[in-house]
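This briefing covers strand pairing, helix packing and one surface patch. Please view the structure below alongside the notes.

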Amino acid sequence: MNTPVKTERWSGKIFTGSWVAAQGGVAPVLEAATGAALGEIGVASPEDVDAAARSAQAAQKAWAATPFDQRAAIVREAARLLKERAAEFILWNVRECGSIVPKGEWEVGITHEQMQQAAALAGLPNGMMFPSSVPGRTNLWQRVPLGVVGVIAPWNFPLFLAMRSVAPALALGNAVLLKPDLQSAVTGGALIARLFEDAGLPPGVLQVLPGGPAAGDAVVRHPCVNMISFTGSTAVGRQIGEFCGRALKKVALELGGNNAMIVLDDADLDGASSCAAWGGFLHQGQICMAAGRHLVHRSVADAYAAKLVERAKKLYVGDPHAGPAHLGPLINDRQTERVHRIVTESIAAGATLLAGGTHEGRFYQPTVLSNVGVNMPAFAEEIFGPVAPITVFDTDEEAVALANSSEYGLAAAIHSRSTARALRMASQLKSGMVHINDQPINCEPQVPFGGMGASGSGGRFGGPASIEEFTQAQWVSVSEKAAQYPF
């Protein structure tokens, strides 16, 4: 068995404050590019989740009572250890998740920044004082921890998309159940548990429970879990949101996207095509913010397509662990088949293949399609693969209508030499994030992040929004002496 790092602590285990055998057994940790076994990880069962949730609930009380500077210090120490162990995280991200090395480096960097900012949240003002019409009364409005937060994280950016919830939730006094995807259970689970274990986090405050749908469902439904933070597909997010609504449980959902990249007739086409290649092909297009629909003014569509094809044909697709590559493998065979189905069905419906459209195993060539109509799968579906479908428009109003025709509303980009024109268009887009003269894959930890429509439930991650997400409001009034009432 080819094991890239020592695994004695987590091999075949889950983390519940210590490394223990899982009642759900074990699962192999597989290399995305080759399918080779790299190790094994414990699989949490619903019984494991039940025990972890009760343990977390008990541990959270003392953790919430811990002075804020001590909580912050532990999160900062975990961030320091992340930097120290960057090579280990990057290697696992490459092998387990099919990431290229620069993507793994970026993920470590932004996660470190996210953790530092999360630690700082603990020391910010946590409330306000309001006047009272009652003599002698003081009204305090404060943010208090939720209790136990369940974090269900995906496989595509497993470290960052887990930590953007885990770090602020812990810093603000909550306990956390982290359920990573089994396809990224080391990068987004076991290595995170080791960080906080070695940073001195008290036992029970963080529980890491790799597993499949049964484990995720158990986390969502457990009565000791007060909030769910879920990043993943819209279909699963709807189910989680439906249950949390009935249970009156707080939920933050960051879901899918079919993001529009709008190229106006006055755009810098060299810049737009550069942004398009990055936004459409980075990490094999397996990013919720990826440029999924390229909406291009008819007058520049051919020139834009030619520049994008030229860039696509220069990209090397290969095993990122074997050597430098621009694109690695898709995450699994099922996803490869799905991407190819969308491409071939769109071509059969009249789209023109300009580049790519082929694959060897999970290695899918960067693909450019033109003449893509609104009823074709490449326009209507979230592809989650390295495919750039081009659809033309004639007016700004038509571009806005095309962009807003999707149920998704996560991110968008607009290219124009007129900032005023692009800003007018941005205000009309049903998108939680709009980037002018850039591409949709953007994230800065200090800026609230989230989508509209089928891309989320309205919650936001990052900056001051994290305080609102991972705490709840409480009104406390204080009177100088007992009030007297007429009864």
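**Sheet and surface patch**

Strand 17 (residues 367–370) and strand 18 (residues 387–393) run parallel and are joined by three bridges. The model is predicted. Both strands belong to an open sheet of seven strands with mixed pairing, in the order 14-17-18-13-12-20-21.

Sheet layout
- The edges are formed by strand 14 (352–355) and strand 21 (433–436), each of which pairs on one side only.
- From one strand to the next, the twist averages 25°.

Strand pairs
- Valine 368 has alanine 388, in strand 18, as its bridge partner.
- Four bridges pair strand 20 (residues 411–415) with strand 21 in the parallel sense.
- Opposite alanine 411 stands methionine 433 of strand 21.

Side chains of strand 21
- Side chains alternate along strand 21: Met433 and His435 point to one face and are buried.

Helix packing
- Helix 13 (residues 396–404) lies across strand 12 (259–263), strand 13 (291–297) and strand 18.
- The helix runs at about 140° to strand 18.

Surface patch
- Met129, Leu140 and Val478 make a nonpolar surface patch of about 270 Å².
- Valine 478 lies in strand 23 (residues 471–479).
- Valine 478 counts as partly exposed because its relative accessibility is 42%, and partly exposed covers the range between under 20% (buried) and over 50% (exposed).

Note on methods. Residues numbered from 1 in each chain as written. Predicted model: local features only at pLDDT ≥ 70, side-chain atom pairs only at ≥ 80, totals over all residues. Heavy atoms only, no water. Patch = residues over 30% accessible without salt bridge, like charges linked within 9 Å, V, L, I, M, F, W, Y side chains within 5 Å. Areas by Shrake-Rupley, 256 points an atom, 1.4 Å probe, with all protein chains shown as cover. Salt bridge = Lys/Arg side-chain N within 4 Å of Asp/Glu carboxyl O. Helix = DSSP H or I, 4+ residues; strand = E, 2+ residues; numbered from the N terminus. Buried < 20%, exposed > 50% of the residue type's maximum accessible area, 1.4 Å probe, protein only. Pairing = 2+ DSSP bridges. Axes fitted to C-alpha atoms, helices over the stretch in contact; angles between N-to-C directions. Contact = heavy atoms within 4.5 Å.
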